[in-house]
Protein chains: 2
Amino acid sequence: MTPESFVIKADICYSETPRVLNTVQDGFLVCVKGRSAGVFRELPEQYAALPLLDCSGALAVPGLTDLHVHAPQYAFRGLGMDLELLEWLNTHTFPEESRYADLEYADRAYRRFVEDVRRGPNTRACVFATLHQEATVHLMDLLEVSGLCTMVGKVNMDRNSPDALREASACAAAKSTKSWLKEIKGRYQHTLPILTPRFIPSCSDQLMRELHMIQQIYGLPVQSHLSENQGEIAWVRELCPSSKNYADAYDAFGLFGGPGCPTIMAHCVYSDEEETALMKRRNIFVAHCPASNTNLSSGIAPIRRFLREGLSVGLGSDMAGGTHTSIFRAMTDAVQASKLRWRLVDASLEPLTAKEAFYLGTMGGGAFFGKVGSFAPEFEFDALIIDDSRYTSQGQSELEKRLEQTIYLSDERDIRYKFVQGRQIF
Amino acid sequence: MTPESFVIKADICYSETPRVLNTVQDGFLVCVKGRSAGVFRELPEQYAALPLLDCSGALAVPGLTDLHVHAPQYAFRGLGMDLELLEWLNTHTFPEESRYADLEYADRAYRRFVEDVRRGPNTRACVFATLHQEATVHLMDLLEVSGLCTMVGKVNMDRNSPDALREASACAAAKSTKSWLKEIKGRYQHTLPILTPRFIPSCSDQLMRELHMIQQIYGLPVQSHLSENQGEIAWVRELCPSSKNYADAYDAFGLFGGPGCPTIMAHCVYSDEEETALMKRRNIFVAHCPASNTNLSSGIAPIRRFLREGLSVGLGSDMAGGTHTSIFRAMTDAVQASKLRWRLVDASLEPLTAKEAFYLGTMGGGAFFGKVGSFAPEFEFDALIIDDSRYTSQGQSELEKRLEQTIYLSDERDIRYKFVQGRQIF
C-alpha cells in the first residue's frame, strides 16, 4: 500500500533550525507519497487535484519524537519516585520488568502503553523493552499495528541485576539477541530493532564485546544510558578503572557511535567537557529526559552547552522516570529545568526557549530517524492537526503564541488527526 | 437550603498530619449537614438510614485548596514565560489585566476560568481579581454560582503601574475598596472578600495605611506577594529603606498577619531566617507556587525549612505564572522542585514526599478556610470521588500508591463527583 497524497489546509508551524520557526496562517501543507512537498500560502496548481482535508482554524505541527522510553515501565508510572536511580531500579523497576517473562501480563501492559502513545502526539519513539524475546516481539507487533514508526530494543543485561532479570551469560545474551533479530527479520514495515545494552553496570565486558560484533554484522543503531546520576557514575568508575570516563567505557567496546553506528545516549546530566567532546566526535544523539532527571533527583543536564557545541539533542519521556509519554510535556519540562539550572547552577547557560524546546521535540529527535520532524520539502510526513480552541486566548491569533500554549496546555483530546509517513493514524 | 446528609462508600484517603495519611479501603465516609462525621470501616448504625452513594472501587479524597491564583491571568496561561517577574508583569500581565475594565471581556474570560476550576479538583481558592470593581463583583457572582468556596480580592495598586492599571490615589483606592465591600455585603454565601494589596512596589505608603484602616474596620483577611524574585526584593529595599526586610515592609503598616488579620503571602522563595521568624510570629500562610517560581525563573522556595519551623504552608497555582489550575499538578511540581533544590542548592533540606505534598494541597491550604481539607470529624465536607482506573496499574491495590498515581496522572476527566461543604457540584 503506497501512502496517500493529499493536502491539508491549516495554521502551520514547523521548525527550520533551533531558532527559526516557520509559521503560515491558513496555509497548505502538501503530502506526496508519504513525504512533505512543502508548505504554501497559495496551493500550487500542480497539487490542485489532490484531495483536500480542510482543517482551517486548527494547528498543524510535525509529529513528535520520543528518543528514550521504557515501555515495560508504563504500568508503574507516577509511583515510587521518592528514591534515586540505583535504589529505584532495584526496588521498582527490576521487579516490574521481570514480570514480562509472562506473555499475558506483557500483553495487557503493552497494549495500554501502545494505545497511550498512539492517541498522543508522538509519532516516533526509540523504545526499551525488557530482556524477554517473546514479550519484546509482541511489543513490536503491537507497535507495528499502531502505525507509529519506532525502534525497539530487546534489553541486554548480564550482571548486577536480580536473577529473574539477568541473562545467564554474555554468550546466552548474544544468542538470544541473534534469535530475536532472526525472528523479526522482514516482519515489519515501521518497527526496527535497535541494540540495547541497558547500561555499563548491567553489562559485562564480554557482553559488550558480543554486542559489538552483533552491531557490526547487523549494522544496528544503539541506545543506552550515560552519566545520569552521581552514584551510577562512581560505580562505572569502579567497574571500568581503565576508562577515562563513562562515555569512554562504551567507546572502548566500539558501542559509542561513529560511522555506521548511530547511537542515542539518554540523560548526559553530568557529561563534562571531555565526555562531551567524545560525544561530539562520535555524533551521539543526546536524549534529554528532564522529567525523569527531576523525579529521580538526578540533576539537570546542560542542554544549552550541548547545543552551543553542536551536539544532536532530542527529548525523551523516559517513562517511568518520567510520568507522561507526551513529548509536549517533555518540552515544558525541558524549558523549566533549563530555567532552574540557569538560576541555581550556572548563569552562563541561558534557559531554553519554548521555540527551542519545540525544535528538540520535533527535528532534534526526529533526525535520528532521517528527514523527520519538519514540514520542509522531502521530510517524511508526520503531522498532528490540533484543535487549540479549548485553551487558546480570546482573539489570540499569532501562531507562535498558539504553539506555545499548545506546548504547555494541550493533551491528546485536542489532536484531531494524526499522520505518520502520510498514513492516517486517526 | 441546608446541605444534605449522606454516606459515600469508596476507597478513602486523607491526611491527618503532614506525615500521617489515613487510608480505608471500601470505607464509609459520612456527611452530616455539610460536615464530615468521620470515616468508618463499617457503617455505624446511627447513619444507616442516610442515603448511600456507592462509589466502590473509586477513590475519595478531600477537595484541594488553591491558596494563590490570579483569575484575570487565565486567558494568557502558557504564554510569554521567557521573561522574569518584573518584565513579565509589564509586558504581559498589566496589559492583560487592564482589559478587565471592559465587563464584556471580563465576562467571557472569567466564565472560562470559573468553569475550568469548577470541573477540576479544587474546591477552595484565594483569588486575585483586578482593581476593577465591576469585573471583580462579576467574578464573585460567577464563583458563587459555581458552588465553590472562595475568597476574592479587588486588587489595590496606586504606583509603578501603567496608567490604565493604577488607582488614581491612595484615597481613591480606599474609596473604591469600600464601595466594593458595600456592594457585595450580604450578597454571597460562599464567596468572601479578601484585602489585596498587589505587592509593595505597587502600593504607596499612604495606600498601605488606608488598607490597614479598612482591614481593622472590616476584619478582612489579607493576601499579597513576598520575596518572589531577587530584582523585586532589591526594589522593595529601595522603596522601603527603613524596613529590615520585605516582610517588615508589610508589617510596618499592620498588614502582615497577627491576631485578627489572617494573611497569605505567596512565594517566599528568598525569605531568610529573620523574615521567616517574623512570618512565624504573625502566623502567615505561605502559598507555595512551584510552577510559577520555575516558569518565571524565580527560584525554589525552602518549603522543608518552613515545615520544620512550623509555618503554615499551602499550595498555589499562581495562574498564570503557573499554567494549570489543578492543585494535583501543584503537588507534583512541589515534590519536583524540592528534589532539585535538595540536589542543586541545599542537601540539608530533604525533598518533600508525595504524601507531604498531598497534605499541603488539602489540609495545609485548607486551614486558611477553617476546618477544611480532611475527612476527620467536624471538617467541612469537601470531597472528590475519582475513578483512577484510567491510569492505575494492573492489580494495584495499595491505596497510598493509587493516591500517588492520582497526584501525578489524574485530570478533570477522572473526577466522577465533587462536593463542597456537602453540596454536590457535579
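Reply: In this predicted model, the largest pocket is lined by 48 residues, and those nearest its centre are Asp411(A), Arg413(A), Asp411(B), Glu412(B) and Arg413(B). Both chains supply elements with two or more residues in the lining: α2 (103-119), α11 (327-344) and α13 (399-409) of chain A, and α2 (103-119), α11 (327-344) and α13 (399-409) of chain B. The volume of the pocket is about 1,200 Å³. By residue type, the lining divides into 20 charged, 15 nonpolar and 13 polar residues.

Two of the residues nearest the centre, Asp411(B) and Arg413(B), also belong to a network of salt bridges.

In chain A, a salt bridge joins Asp414(A) to Arg390(A), at 2.7 Å from N to O. The two partners are 24 residues apart and come from distant parts of the chain. Asp414(A) sits in the loop between α13 and β16 (415-420), while Arg390(A) sits in the loop between β15 (383-386) and α13. Asp414(A) has a relative accessible area of 5% and is therefore buried. Arg390(A), at 36%, is partly exposed.

For comparison, another salt bridge in chain A pairs Glu97(A) with Arg198(A), with the closest N and O atoms 2.8 Å apart. This pair also links distant parts of the chain, 101 residues apart: Glu97(A) is in helix α1 (residues 85-98), and Arg198(A) is in the loop between β10 (196-197) and α5. Glu97(A) is buried at 1% relative accessibility, and Arg198(A) is buried at 2%. Over all chains, the structure holds 53 salt bridges.

Notes
Residues numbered from 1 in each chain as written. Chains lettered and ligands numbered in written order. Predicted model: local features only at pLDDT ≥ 70, side-chain atom pairs only at ≥ 80, totals over all residues. Heavy atoms only, no water. 1 Å grid on protein atoms, 1.4 Å probe; cavity = no way out; pocket = protein on both sides within 12 Å on 5 of 7 lines; lining within 4 Å. Points joined across faces, edges and corners; volume = space filled by probe spheres on them. Helix = DSSP H or I, 4+ residues; strand = E, 2+ residues; numbered from the N terminus. Nonpolar A, V, L, I, M, F, W, Y, C, P; charged D, E, K, R; others polar. Salt bridge = Lys/Arg side-chain N within 4 Å of Asp/Glu carboxyl O. Buried < 20%, exposed > 50% of the residue type's maximum accessible area, 1.4 Å probe, protein only.
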